[in-house]
Every structure is written in structure tokens, then in C-alpha cells.
Amino acid sequence: MDNITEILKQAKIQPLGEAAVQVSFGDKIDPQLSRCARALGSELEKSGLAGIKECEVGYTGVAVFYDPLLLGQEKLAHQDPELSYSFQVISERVRKILAEMKLGAEDNAPKVRVPVCYGGEFGPDLEYVAEYHHMTPEEVIKKHTSGDYLVYMIGFAPGFPYVGGLPEEIATPRRKTPRLVIPKGSVGIAGKQTGAYPLETPGGWQLIGRTPLELFRPHDMEHPSVLAAGDRLEFYAITPEEFKEIAAREGGGSK
Amino acid sequence: MKILVKKSGPMTTLQDLGRVGFQKYGVLVNGAMDSFSSRLANLLVGNKPQEASLEMTMIGATLELCAGTIFALTGADLDAKIDGLAVPRFRPVYIKKTCTLRCGFSKQGCRGYLAVAGGFDVPVVMGSKSTYLRAKIGGFQGRALKDGDELSLGTPSAALEKFSQRLAAKGGPNAAFSTVTWFAPGNFVFGDEKIRVIQGQQYDWFTPESIKTFFSTPYEITLQSDRMGYRLAGATLAQKEERSLVSEPVTFGSVQVPADGNPIILLADRQTAGGYPKIGAVVCADLPRLAQRQPKSQLHFKEVSLVEAERLYLQQEHYLQQLADVIERNLQ
């Protein structure tokens, strides 16, 4: 726990423009930093401070977007006229939250299970990944379904998870030439990252399979993204038949 | 009431002030590139400033407007005409009989905004009417307008009733539209003064020469620029040493520099996070002016302090508030 206290104390608060700050706990991809970032994000949202528009949790910290006009109406204990008023307000509030923040024991929320149909038309690069590592496709699938995955943040595309924890043995460089279209639901590998594309987009990841889950649900205001920062993940293999069944249940959006 | 889109123009989308609160789910903010002009257009027709407007890029749309429609144009001068008569910008315009508003190529600025009294009646998706092109949600059917689209309009505020009657009585019996003699000054968005920038989080990663270069030489907005970002061409910028950055949140106006040294200014349709070092951030008060610069035009940057950026922000908000107060009185 001392480690966490130390991380919180050393938080750096930097302006991200004059209407946002970036609170950083470090510059490495690390589960502890990620935990601090998520905890601060949820505390800030609970704080109800008028003028805070939104918080975005990243790998190593939190960006807080605010309205300088509204924050200008907040009181400051110690004001330095040489500094931006709203920056001082937001910094003071963040420091206060950090000083009082208690991180409980690691939560043991159940893993989110993501079904994946590997190989074939769903994973055109599975063979390549297997060859690259001198494995069989089955061995790649076994490795991919055995990883202990953590969602660090959601970004790049709506509902797209930046996932850490890919077994080193199947880490594979991106494709030399990115594909112009990656089908929705595609599950891929890029270096030591793995993830799933919620929308059809261009991209250079090695595609090993596809999930029938609708990862982005724009009409669900509460949970537009099935995954959230901090989720622990597990991929499990399904057959093409199961893929069809789940896709139909999900609303038939995945083809 | 409805608007029939006869010709959409190359990039005409519905935009409000953006989809706020969902970046943590990777959902882009979107929203008007020049939010000042979009807010002003809405105020001029008695709407709330956060209502959506039509953002037209470089070439405007041709629209059939019904009798009784009140609309306002702000931002770029898209050479708008009705029956061959120029339609003035920055003021409410009343349509006396169903007619066609024809816009053309921009004579000044890059993005024109059209707001209608009552706003556009499209579904609110995740708190916003902004078009999210990539995700195909929001705006009109989640896409840019096409020829033949029909846009439904909302009901104008009741407070506008008297004003509407006054405008209906103005102009000759054959006139297609009538308007007022006053206008709201929203022309500052075309100012070509330097674009002001505050230091970005990785400002110190760049060599002193590069920082000096960035703030003293011109950069051209290349043709590979859109609502997502302006890709700039000019002197390339070098880092002191090769360092890698873990992806982190970015904002509207962030100036990031990829390995090739050519800066990119992130705009309304930016991704929620980026992994390139940020040399600076364009101050919010200069984003409307930036949004009105056409491709191939030159930008000069000037470094300002965070305190100055905040002062400019508040000054612009107060200016808009003053305009809002005067407009509200004039619409009574």
C-alpha cells in the first residue's frame, strides 16, 4: 500500500490547454498506475464539482476537461495571481482528492468473457501469426485464450479496449501494409497489445479471430461501451455456429 | 416544417457543441469546428446556443426553405442567394414564400453555419445531435447530407412569435424573404493574426531550435486536412532525443508532432487519445479562427502563457454573452 500512497503523492498536474488538465502518475504502462488513474477518475466524477465537463482515464493518469468560466466562480484557499485561476482551482481540488483517497483491496470483479471465433474468414492472419512463432494455429489460440488481460483504457475508436497482458510468445508486429477495412468485431494482435475492433475501420493489426459481441452500443447511455478501463478479460474460443447464434442475440449487427 | 436538400455540398453535417462525457468510452466529441459561429447562428434565431446547426465546408448547400422558416447564416461567406438576391449573414432571415437558398463557393472563411428557429429535429444520441461520421451515429442518419435529404425542423420558441409576425409583414408582396437592419458582429473569426498557442506537455522534448522555428516560421494547412486534424507543412520539428510516449488524452487544439516532424493540429473529430508528443495547444479563443482557415493557407504561431489563454477564453465567452443579451432584446 505504501507504494500506492507514494504514487498518489507524486502525481503531476499539467495543463492540457486552458480548459483541461492531465493528472499523471508516471510514464509506464503499469497495473498500479492504471489503478490509481481509475480511482481518481471515479472520485472526480463523484465530486460533483460544477465546471468539470468530463474525465477521461488513460494508461497513466486522468484528463479532466473543464469550463474555465464556471471554475472561475469557485473559491480558492490560496491564490497566485501569476497563475491561471481555473488551473489553480482544479489543481487544488485534485490534490485534495488525492490526499484523501483510499484504495481498497484489489477488486475481484469477475472477468468479462469475450467469445472469439478464431481463424478462417474470421481471423485471416491466424496462420501467419502461427508461422511467425513456429506454432500451430491451435497453439496460438491456446495462448490467446490463456492470457490474464487488463483493459487499461478505451480509446482510438468507441468501445475499443487497449488491453495489456498478451502472452509474450504470441506478440507479433503489425502488418506491413494496413488493411483499408477491418471488419467489425475483429480480434487482433499488434506487438504486445491485443484488442477488438468495435467498428469497421482501417488498421494494421494481425487479425486472428472475431467476436460476435456488440462492443459499442451508442443507444445505451449508461454503458455505450461493453468494456471499461479496469475490466479483467478472458477470451474463449467459439465455433462459427456459436458465433452466428450470439450475433443474432446481440441484434444481428455483426456479420 | 422541413428543409429539402437539393444539393448538399461536399461536406455538410449537423453539429452542435459535441458529445460531452463519453471520451472515457472512446467516443469522439465531434461538434462544430467553429463553435462560436454555430452558437451565434442559433442565438440569432432564438434557439439555445447549444442547439445544432448545419456546418457547410468550402462549398455551401442548396436548400428549399418553407414559408415561415426563420434562419441565420454565420461563419464563412458562402455567397448565399435567394432568387438572385444576396442573403445577408449574421442576422435572422424570414422566408415569406417557399423558395430556394443557393450557396456557392466560399468567398471568405472555410465553414459556414446555418441555424433554423426551432432547431433540427433529429434524434439526440448520447446527449448530442453532432454527426459522428466514423461511428455512423448522430446528426442526420449518422452521415453527411446528400442530395434529396429532407430535414425536419423543431418548433420555434414561443417567445419568437411576435418577432416572426413583424418580419412577415416586412418587405414587398413579391419578396421571398425579409430580414432586419441590425446584425451581430461575428466577423472576428476571419482575422488572420497569429494563432496563439500555449506549451504542450512535451514542449521540453523538442530542441530549442525547433521551438524557435515553430513560433517564427509559417506553416501551411495541407490538403490532407479535415475535421479530424490539420496536417501542416513547413519546417520540420526535431526532438532532443528519441523518446516514446504512452498514449494519453488529447484535446481540441493539441499540436502533436509525429516522428516525421510535421505538426498536426487535432480538431473537432480528433481521436480521444494520441501517442505523439505535444509541442503545444492552440488556445480555445483562437479555435474559431483556425477552423475558418482554408486549406493551403498559411498559419503563424505565437506562444502565450496559460494565464493569457484563460483571459482570452473568458473574454470571448463574455463577448458572446453580451451579443446574446442584445440579440435576445432585439428578438422581442
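Analyst: Four strands of chain A form an open sheet in the order S1-S2-S4-S3, and their pairing is antiparallel. The model is a predicted one, in which local features need pLDDT of at least 70 and side-chain atom pairs pLDDT 80 or more, while totals for chains, interfaces and linings use all residues. Residues are numbered from 1 along each chain as its sequence is written, and chains are lettered from A and ligands numbered from 1 in the order of writing. Strands (E, at least two residues) and helices (H or I, at least four) are DSSP runs numbered from the N terminus.

User: What makes S1 and S3 of chain A stand at the edges of the sheet?

Analyst: Each has a single partner strand, so one side of S1(A) and of S3(A) is left without a neighbour in the sheet. Direction ignored, neighbouring strands of this sheet are turned by 20 degrees against each other on average.

User: Which sheet is formed by eight strands, and which strands are its edge strands?

Analyst: In chain B, eight strands form an open sheet with mixed pairing, in the order S21-S14-S15-S18-S17-S20-S13-S22. Strands S21 (298-299) and S22 (301-303) of chain B are the edge strands, as each pairs on one side only. Within this order, S14(B) (residues 219-221) and S15(B) (residues 229-233) pair in the antiparallel sense over two bridges, with Ile221(B) opposite Leu232(B) in S15(B).

User: At what angle do H2(A) and H4(A) pack, and which residues meet?

Analyst: Helix H2 (residues 31-47) and helix H4 (residues 85-100) of chain A pack at about 115 degrees, their axes 11 Å apart. Axes here are lines fitted to C-alpha atoms, for helices over the stretch in contact, and angles run from 0 to 180 degrees between N-to-C directions. Leu40(A), Glu43(A), Leu44(A) and Ser47(A) in H2(A) meet Arg93(A), Ile97(A) and Leu98(A) in H4(A); a contact requires C-beta atoms, placed from the backbone, to lie within 7 Å. These residues comprise four nonpolar, one polar and two charged. Nonpolar covers Ala, Val, Leu, Ile, Met, Phe, Trp, Tyr, Cys and Pro, charged covers Asp, Glu, Lys and Arg, and the others, Gly among them, are polar.

User: How many residues does each chain give to the contact of chain A with chain B?

Analyst: Chain A gives 43 residues and chain B 34. S3(A) contributes the most to the side of chain A that touches chain B, with five residues. That side divides into 25 nonpolar, 12 polar and six charged residues.

User: What makes Lys136(B) and Pro258(B) partly exposed?

Analyst: Lys136(B) has 14 C-beta neighbours inside 10 Å, and 14 other C-beta atoms lie within 10 Å for Pro258(B); by the limits above, both are therefore partly exposed. Phi of Lys136(B) is near 55 degrees, a positive value in a residue other than glycine. Pro258(B) sits in the loop between S17 (254-256) and S18 (264-266) of chain B. Its C-alpha is 7.2 Å from that of Pro277(B), 19 residues apart in sequence.

User: How many residues has the largest nonpolar core?

Analyst: It has 162 residues, and those with the most contacts inside it are Val62(A), Val64(A), Phe71(B), Ala115(B), Ile265(B) and Val282(B). Such a core is a set of buried Ala, Val, Leu, Ile, Met, Phe, Trp, Tyr and Cys residues joined through C-beta atoms within 7 Å. Ala115(B) touches Phe71(B) and Ala72(B), among others.

Conventions
Two residues are in contact if their C-beta atoms, placed from the backbone, lie within 7 Å. Two strands pair if DSSP finds at least two bridges between them. A residue is buried if 20 or more other C-beta atoms lie within 10 Å of its own, exposed if 12 or fewer, and partly exposed in between; C-beta atoms are placed from the backbone. Lists of a residue's contacts leave out its neighbours within four places in sequence.
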